[in-house]
Amino acid sequence: MRDATIAQAVKILQAGGLVAFPTETVYGLGADARHEDAVSKIFTVKERPHDHPLIVHIATIDELTEWAQDISADALLLAQAYWPGPLTIILKKQPHVLASVTAGQDTIGLRIPNHPVALRLLRAYGSGIAAPSANKFTHLSPTTAAAVYAELGNQVDLILDGGPCTVGLESTIIDMSGSQPVILRPGMISAESITKVLKTNITLQRQDNPVSAKKIRTAGMHHLHYAPLTKTALIHSAHLAEFLKTLTPNDLPIALLTHSQYFLPKIKNVDRINMSADPIIYAHDLYHTLRLLDERHYRQIIIEAVPKDTSWEAIHDRLIKATGMKL
Ligand code: TXA
Ligand code: MG
């Protein structure tokens, strides 16, 4: 990407405009985190309720203290271990941080993304960029510049094209503002990996877990989140064959997203899409594939449920949120 393009993006941000930019996870819809009107535009363009706080992206660990206070040794350890990378750390905010960024809470989410274009933009800007995923509220996060354009069109002043995102799923969010670490949103950095760094057990927030059912507004608290427009359902591998037998012409055509080699009879108007059995590749391809399928106007998208082990945890979480189902 040309220096002039980065300079143009900086000018737009300074003037209170919106710049969509690539990160390794998904594309972000960026605004100057200190600019009230610019932050407000993010909510308007995304049609997002104001009680969902934004992540502030920074370029270096040194900038942490500009935004957060009471940063524990463990929080710093995580920042050093994973940044730049797909981890968002929730910390106690500095008093100046806009209430619109934090949804009125006394905490702030911070992250250094690992993408050359994002890092160039953040360094050139020299201050925090608030950025949610660059999609309309509840829609799938975009993993290409074309997907950002399809979501937001000309409502964004500039879209920086940094190619397809390498990770493809949103960052892991860990709350380090309390007495013990809590994962609020699983991501490709697993609880297992974080446990090794911190040498302490961490809690995974479950919506049905009364211990952590604090009023934290975090990803996917809304019924349908990360969702395609087409009706989408999750089905266990063992029930797929049986399910296919129950289909009537009115149910067709359907797209069937599988990842196992499970044998299934070929049926007319049931298009099987074989995803990778490797969770890292599956995560990379998931949103992009769902977007393509959405454009083809199937009656339904059926997704084979993924394994329950930790390497699939973030994917399982997003599939549950995309389908509104519990498995
Ligand atoms: O990978 C990502 O995290 C991407 C890229 C662009 O960095 N961003 C992203 O942002 O997914 P967004 O806004 O779509 O999701 C961030 C989630 C929101 O659901 C929000 O509720 C939660 O982070 N969040 C932000 N600040 C928080 C805070 N102070 N406390 C609790 N949750 C917070
Ligand atoms: Mg989002």
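**Fold and aromatic pair**

Modeller: The chain has 11 helices and 15 strands, where helices (H or I, at least four residues) and strands (E, at least two) are DSSP runs numbered from the N terminus. This is a predicted model, in which local features need pLDDT of at least 70, side-chain atom pairs count only at pLDDT 80 or more, and totals for chains, interfaces and linings use all residues. Residues are numbered from 1 along each chain as its sequence is written, and side-chain values use heavy atoms, with hydrogens and water left out.

Colleague: How many aromatic pairs does the structure hold?

Modeller: There is 1 aromatic pair. The ring centres of Tyr282 and Trp312 are 5.2 Å apart and the planes stand at 70 degrees, so the pair is edge-to-face. Rings of Phe, Tyr and Trp (its six-membered ring) pair if their centres lie within 6.5 Å; planes under 30 degrees apart are stacked, over 60 edge-to-face, and the rest tilted.

Colleague: Which parts does the pair tie together?

Modeller: Tyr282 belongs to helix 10 (residues 279-295) and Trp312 to the loop between strand 15 (300-304) and helix 11 (313-323), so the pair links parts 30 residues apart in sequence.

Colleague: Is Trp312 buried or exposed?

Modeller: Trp312 is buried, at 4% relative accessibility, and Tyr282 is buried at 0%. Buried means under 20% relative accessible area, exposed over 50%, and partly exposed in between (1.4 Å probe, protein chains only).

Colleague: Turning to the whole chain, what share of the residues is buried?

Modeller: Buried residues account for 57% of the 327 residues. The C-alpha atoms fill a box of roughly 60 × 45 × 30 Å along the principal axes.

Conventions
Chains are lettered from A and ligands numbered from 1 in the order in which they are written.
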